[in-house]
Amino acid sequence: MQKWMIRENTPTLTKKHWIMKKNIEQKLLSKNTNPTSMRILVYDFLEQQQTAMSLSEIESHFYKADRVTIYRTLKTFEEKGIVHSIQENTTVKYILCHDGCDENTHKDWHLHFYCKICKQTTCKEDFIIPQNGSQNYRIDELKLFGKGICENCIKESLQ
Ligand SMILES: [Zn+2]
Ligand SMILES: [Zn+2]
Ligand SMILES: [Zn+2]
């Protein structure tokens, strides 16, 4: 991180933003993705989210960008192992992947959990799909989807 330190007299916000931008650029480059300004903005937004976001939710955050551009950005991110998508009835939601995913494989073999109360979808990484030892076949896609009540809503219902 030392590398991105800049002059003391730069306003804090700008400095913070600049470091953030550099970090995202590095992240995108490490996934073989050209860091265009749109991609940096979408990545920055997704990084701040605790839950999966639909295209409409992402779109409403960027009032100046059009839906097609955001959609293309998400599709590129998905191809490059930056985000994974979760299909929910008629909606697709997107959430960032870990470093283990790349353009060849996604390794998001965990439960995706939809809360019936707050309607948020989250990754439950303590719930991982068991791996088999067989090398006779290759799984490219595997989905595990659950519905219920999330930890926050359970806590609230007990109060
Ligand atoms: Zn992934
Ligand atoms: Zn909930
Ligand atoms: Zn996930």
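Two strands count as paired when DSSP finds at least two bridges between them. Helices (H or I, at least four residues) and strands (E, at least two) are DSSP runs, numbered from the N terminus. The model is predicted, so local features need pLDDT of at least 70 and side-chain atom pairs count only at pLDDT 80 or more, while totals for chains, interfaces and linings use all residues. Residues are numbered from 1 along each chain as its sequence is written, and chains are lettered from A and ligands numbered from 1 in the order in which they are written.

**Figure 1. The sheet of β5, β4 and β6.** Three strands build an open sheet with mixed pairing, in the order β5-β4-β6. The edges are β5 (121-128) and β6 (145-148); each has a single partner strand, so one side of each lacks a neighbour in the sheet. On average, neighbouring strands are turned by 35° against each other, direction ignored. Angles run from 0 to 180 degrees between N-to-C directions, and axes are lines fitted to C-alpha atoms, for helices over the stretch in contact. Strand β4 (residues 110-115) runs parallel to β6, and four bridges join them. Which residue of β6 is the bridge partner of C115? The partner is G148.

**Figure 2. Helix α4, residues 67-79.** This helix has 13 residues and reaches 18 Å from its first C-alpha to its last, close to the 18 Å expected at 1.5 Å a residue. The expected span is 1.5 Å times one less than the number of residues. A residue is buried if 20 or more other C-beta atoms, placed from the backbone, lie within 10 Å of its own; 12 or fewer make it exposed, and anything in between partly exposed. In α4, I70, T73, L74 and F77 are buried. Why do they sit on the same side of α4? They cover an arc of only 95° around the axis. The arc is taken from the directions from the helix axis to the C-beta atoms. Just after α4, G81 takes a positive phi of about 75°.

Figure 3. Residues are in contact if their C-beta atoms, placed from the backbone, lie within 7 Å. A nonpolar core is a set of buried Ala, Val, Leu, Ile, Met, Phe, Trp, Tyr and Cys residues joined through C-beta atoms within 7 Å. The largest one has 14 residues, and L74, V83 and Y94 have the most contacts inside it. Two or more residues of this core come from each of α2, α4 and β2. The largest share, three residues, is that of α4.

**Figure 4. C101 in its loop.** C101 lies between β3 and β4. Is C101 buried or partly exposed? C101 is partly exposed, with 19 other C-beta atoms within 10 Å. C101 touches G81, H106, K107 and D108, not counting residues up to four places away in sequence.

**Figure 5. Positive phi at N32 and K119.** N32 is not a glycine, yet its phi is positive, about 55°. N32 sits in the loop between α1 (12-30) and α2. N32 is exposed, with 12 other C-beta atoms within 10 Å. K119 also has a positive phi, about 60°, although it is not a glycine. K119 lies in the loop between β4 and β5. K119 is exposed, with 11 other C-beta atoms within 10 Å.

How values were computed
Two residues are in contact if their C-beta atoms, placed from the backbone, lie within 7 Å.
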